[in-house]
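Here is a short report on salt bridges and helix packing. Please look over the sequence and the structure before reading on.

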Amino acid sequence: MEPIDIRIRLSALWLFVLLNIVFRDLHQFAMKPFLEMLLTGTYNGLEITEELMLSGGVLAEVPIAMMLFSVLLGRGWTRPLTFVAALITGATLVSSPPLDLDDTFHLVIEVAALLAIMWTAARWPREGAPKRTFY
C-alpha cells in the first residue's frame, strides 16, 4: 500500500466527518418525536431563529472549508487551522447530547475521525524533513 499525501488524507478525513454529520442529521428526520419538536419551532429547548440557523450554517461550514483548505493551503496555514477547526467541530458535536443509539454511534465515529485528523496534522513533517512513511 502506497502512502497517501497528507493533504489528500486530511481532506478525505474531513469529508468523512462531514458525511457522518449530515447522515446523523438526516437520520433524525425519520423520527416522529424529532419532527414534532421541530414543528414547535424549538430544538432541544432553544427557539429556532434566523440567528440560530446562521450559527449552525457557520459551524457546518468549518469541515466543508477544511476539505478545501487541506488541499489548497500549505502546511504553515493548514496545520494550525486543522487543530482549531477540529476543536470547534468537536465542541459543536459534543454540545448536543445524543438522543438515541444511532446518534451515539455517529458521535463516536465523528470524534474518532477528528482525533485522526489532529493526529495526522500533528505528524505532518516540515518541508525538507526526512520522509516518514505512515498510513
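The report covers the model, the salt bridges, and the helix contacts.

## About the model

This is a predicted model, in which local features need pLDDT of at least 70, side-chain atom pairs count only at pLDDT 80 or more, and totals for chains, interfaces and linings use all residues. Residues are numbered from 1 along each chain as its sequence is written, and side-chain values use heavy atoms, leaving out hydrogens and water.

Side chains of opposite charge can pair when their charged atoms come close. The structure holds three salt bridges. The term stands for a side-chain nitrogen of Lys or Arg within 4 Å of a carboxyl oxygen of Asp or Glu. One of them joins Arg-24 to Asp-103, at 3.8 Å from N to O. The pair links distant parts of the chain: Arg-24 belongs to helix α1 (residues 6-28) and Asp-103 to helix α5 (residues 101-122), 79 residues apart. Helices here are DSSP runs (H or I, at least four residues), numbered from the N terminus.

Arg-24 also meets Glu-110 in a salt bridge, at 3.4 Å from N to O. Glu-110 lies in α5 and Arg-24 in α1, so this pair ties together parts that are 86 residues apart in sequence.

Are these side chains buried or exposed? Arg-24 counts as buried, at 9% relative accessibility. Asp-103 is buried at 3%, and Glu-110 is buried at 0%. The classes rest on relative accessible area: buried is under 20%, exposed is over 50%, and partly exposed is in between (1.4 Å probe, protein chains only).

Glu-36 is partly exposed, with a relative accessible area of 41%. Lys-32 counts as exposed, at 59% relative accessibility.

Which residues do shared partners join into one network? They are Arg-24, Asp-103 and Glu-110.

## How α1 packs on α3

Helix α1 packs with helix α3 (residues 50-72) at an angle of about 160 degrees, and their axes are 8 Å apart. Axes are lines fitted to C-alpha atoms, for helices over the stretch in contact, and angles run from 0 to 180 degrees between N-to-C directions. The angle makes α1 roughly antiparallel to α3, a term for angles over 145 degrees. The crossing of α1 and α3 is left-handed: the near helix is turned anticlockwise from the far one by less than a right angle.

Residues of α1 in the contact (heavy atoms within 4.5 Å) include Trp-14 and Leu-18, and those of α3 include Pro-63 and Met-67. By class, the contact of α1 with α3 has eleven nonpolar, two polar and one charged residues. Ala, Val, Leu, Ile, Met, Phe, Trp, Tyr, Cys and Pro count as nonpolar, Asp, Glu, Lys and Arg as charged, and the others, Gly among them, as polar.

Glu-61 lies in α3 and is partly exposed, with a relative accessible area of 42%.

## How α1 packs on α5

The axes of α1 and α5 come within 10 Å and cross at roughly 165 degrees. That makes α1 roughly antiparallel to α5. The crossing of α1 and α5 is left-handed. The residues of this contact comprise 15 nonpolar, five polar and five charged.

Definitions and conventions:
Helices (H or I, at least four residues) and strands (E, at least two) are DSSP runs, numbered from the N terminus. Angles under 35 degrees count as roughly parallel, over 145 as roughly antiparallel, 65 to 115 as roughly perpendicular and the rest as oblique.
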